[in-house]
Amino acid sequence: MSRRVVRQSKFRHVFGQAAKADQAYEDIRVSKVTWDSSFCAVNPKFLAIIVEAGGGGAFIVLPLAKTGRVDKNYPLVTGHTAPVLDIDWCPHNDNVIASASDDTTIMVWQIPDYTPMRNITEPIITLEGHSKRVGILSWHPTARNVLLSAGGDNVIIIWNVGTGEVLLSLDDMHPDIIHSVCWNSNGSLLATTCKDKTLRIVDPRKGQVVAERARPHEGARPMRAVFTADGKLLSTGFSRMSERQLALWDPNNFEEPVALQEMDTSNGVLLPFYDPDSSIVYLCGKGDSSIRYFEITDEPPFVHYLNTFGSKEPQRGMGFMPKRGLDVSKCEIARFYKLHERKCEPIIMTVPRKSDLFQDDLYPDTPGPEPALEADEWLSGQDAEPVLISLRDGYVPPKHRELRVTKRNILDARPPSGPRRSQSASDAPLSNTLETLLEQIKALREQVQAQEQRITALENMLCELVDGTD
C-alpha cells in the first residue's frame with residue numbers, strides 16, 4: 001500500500017494572528033478614494049496611512065509604538081491639492097516618504113523622529129512631470145534617491161530625488177493605463193501590467209520592452225505582477241469566468257505559465273506581497289477578509305498553497321513590513337497592517353518553533369538600509385545586488401538622517417542654442433547680472449535654512465517642556 005508523502009517545508013505551519021486590541025491604531029479615517037493601491041506603507045519606524053481630508057489630499061504618519069486611539073487633531077502630512085493615491089517609504093532612509101496624488105504631482109517628505117506640533121505642509125521637493133493623476137510610486141531597491149512614478153498619462157518617469165531631475169521617461173511603451181509596476185531585486189528591470197491586458201518586462205535604461213505576454217489572464221479586471229528572487233514573475237488576475245488566479249511565469253518562455261492556481265470568484269483585485277527570503281507570496285484582496293499565502297519552489301507544482309488567514313472584517317488596504325522590522329525572537333516571518341474603515345490592525349505571521357534561539361534558516365541575510373549604488377552610477381549602466389544585513393541581534397533603525405536635495409543650476413546646465421559665439425563686451429553685463437542674482441538667491445537660501453533650524457530647535461525645546469510637565 002503506497003503512503004502519501006507529505007512535502008517537506010519549514011513554512012507548512014505558518015499561522016497568522018491579529019494583534020491584541022491595544023496594539024491596533026484606532027480612530028483613523030481611512031481614505032475612501034476608489035483606487036487599487038494599498039493605502040498604507042510601513043517601515044521599522046513609522047506607519048503611514050492615506051486618510052480622508054477636506055480640500056486636498058493627506059496622509060497620517062504614526063510612530064510604530066503609538067498604538068491605541070489616535071487624537072482627531074493629530075498632525076497630518078498635507079500638501080497635495082487633490083486626493084493622495086499612493087505612498088511609499090524610501091528603503092534607504094526610514095524618515096523619507098514619497099506621495100503621489102490626483103493633482104499630478106509627487107511630493108517627497110522628511111518625517112521627524114519627534115511628533116510635530118502642527119501639520120507637515122512643506123515637502124523637501126515636489127516632482128512635476130506627469131500631465132494626469134499619479135497613481136503608482138516605487139523606490140529603486142539598490143540605488144540612492146531613485147524613485148519611479150507612473151501616471152494616468154500612461155508614462156513612467158524615473159526621478160533622481162536628490163536633484164529633482166528626470167533621469168528617464170518611458171512614454172511610448174504603454175497604450176493604456178498602467179495598473180502596476182515592480183522592480184526586480186537589483187533594479188535592472190521592471191515588470192508592468194497595463195489595461196491593454198499585456199504583461200511586459202522593461203529595461204528602463206535602454207528604453208526597451210525585453211519580453212511581453214498578451215493576456216496572461218483572460219479576464220477584464222486589473223492584473224498585478226511581481227518579480228521573484230530568481231527572476232521569474234508572479235502575476236495575479238482573473239479568468240474569463242471572473243475566477244481569481246495566481247500564475248508563475250518564466251520570462252525566457254512566456255508561452256505557458258510554469259504554474260497556475262485558480263481560487264475563488266470575486267471582484268477584488270489581488271495585491272501580491274512577495275517575501276524573497278522565504279519565497280512566500282501573500283495575496284490580499286481589497287474588500288476580502290482573508291490573506292492567502294503560497295510557497296514558491298523549484299519542484300513541481302512550483303506554487304504550493306500553505307494556508308489562509310481569515311477574519312470577519314473586510315480590508316480597505318494593507319501595509320507590508322520590510323524584513324528588518326520584524327521581531328526575530330518570536331519567529332515572526334511577516335507582518336501586515338490591515339486597514340479597516342476606522343482603524344489599522346497588525347497581523348503577525350509566525351513559524352512555530354520550540355527553541356528561543358535565533359533561527360538561521362528563517363532569517364537569511366536581508367536587504368538593509370544602505371544603498372549599493374548612487375543614482376548616476378545606476379543610470380550609467382551599473383547594477384548591484386542589495387547590501388545585506390544579518391538580523392541575528394535584531395535590527396535597530398538608525399537615527400534621523402536628512403535627505404539633502406541639491407537642485408542643479410538650470411542657468412549653468414542649459415545647452416547653448418544656435419552656433420556658439422565668443423563672448424563680446426555686450427554680453428558681459430548680462431553674465432554679471434546672472435552671477436549677482438545667483439549669489440543673492442544663495443544668500444537667501446542660507447538665511448531660510450538658518451531660520452528653519454531655529455524653528456526646529458524651538459519645537460524640540462517645546463516638546464521637551466511638554467514631556468517634562470507630563
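Reply: Contact means heavy atoms within 4.5 Å. This is a predicted model, in which local features need pLDDT of at least 70 and side-chain atom pairs count only at pLDDT 80 or more, while totals for chains, interfaces and linings use all residues. Residues are numbered from 1 along each chain as its sequence is written, and side-chain values use heavy atoms, with hydrogens and water left out.

Me: Which residues is Thr193 in contact with, leaving aside its neighbours within four places in sequence?

Reply: Thr193 is in contact with Ile178, His179, Ser180, Thr198, Leu199, Met223, Arg224 and Ala225, once its neighbours within four places in sequence are left aside. Thr193 belongs to strand 17, residues 190–194 (strands are DSSP runs of E, at least two residues, and helices runs of H or I, at least four, numbered from the N terminus). A polar atom of the Thr193 side chain lies 3.0 Å from the backbone oxygen of Met223.

Me: Is Thr193 buried or exposed?

Reply: Buried means under 20% relative accessible area, exposed over 50%, and partly exposed in between, with a 1.4 Å probe and protein chains only. Thr193 is buried because its relative accessible area is 1%, whereas Glu370, with 41%, is partly exposed.

Me: Where does Glu370 lie, and which residues is Glu370 in contact with, leaving aside its neighbours within four places in sequence?

Reply: Glu370 sits in the loop between strand 31 (366–367) and helix 1 (375–379). Leaving aside neighbours within four places in sequence, Glu370 is in contact with His92, Val387 and Arg401. Glu370 and Val387 are 17 residues apart in sequence, yet 6.3 Å apart in space, C-alpha to C-alpha.

Terms used:
Polar contact = N/O pair within 3.5 Å; in protein donor to acceptor, adjacent residues only side chain to side chain.
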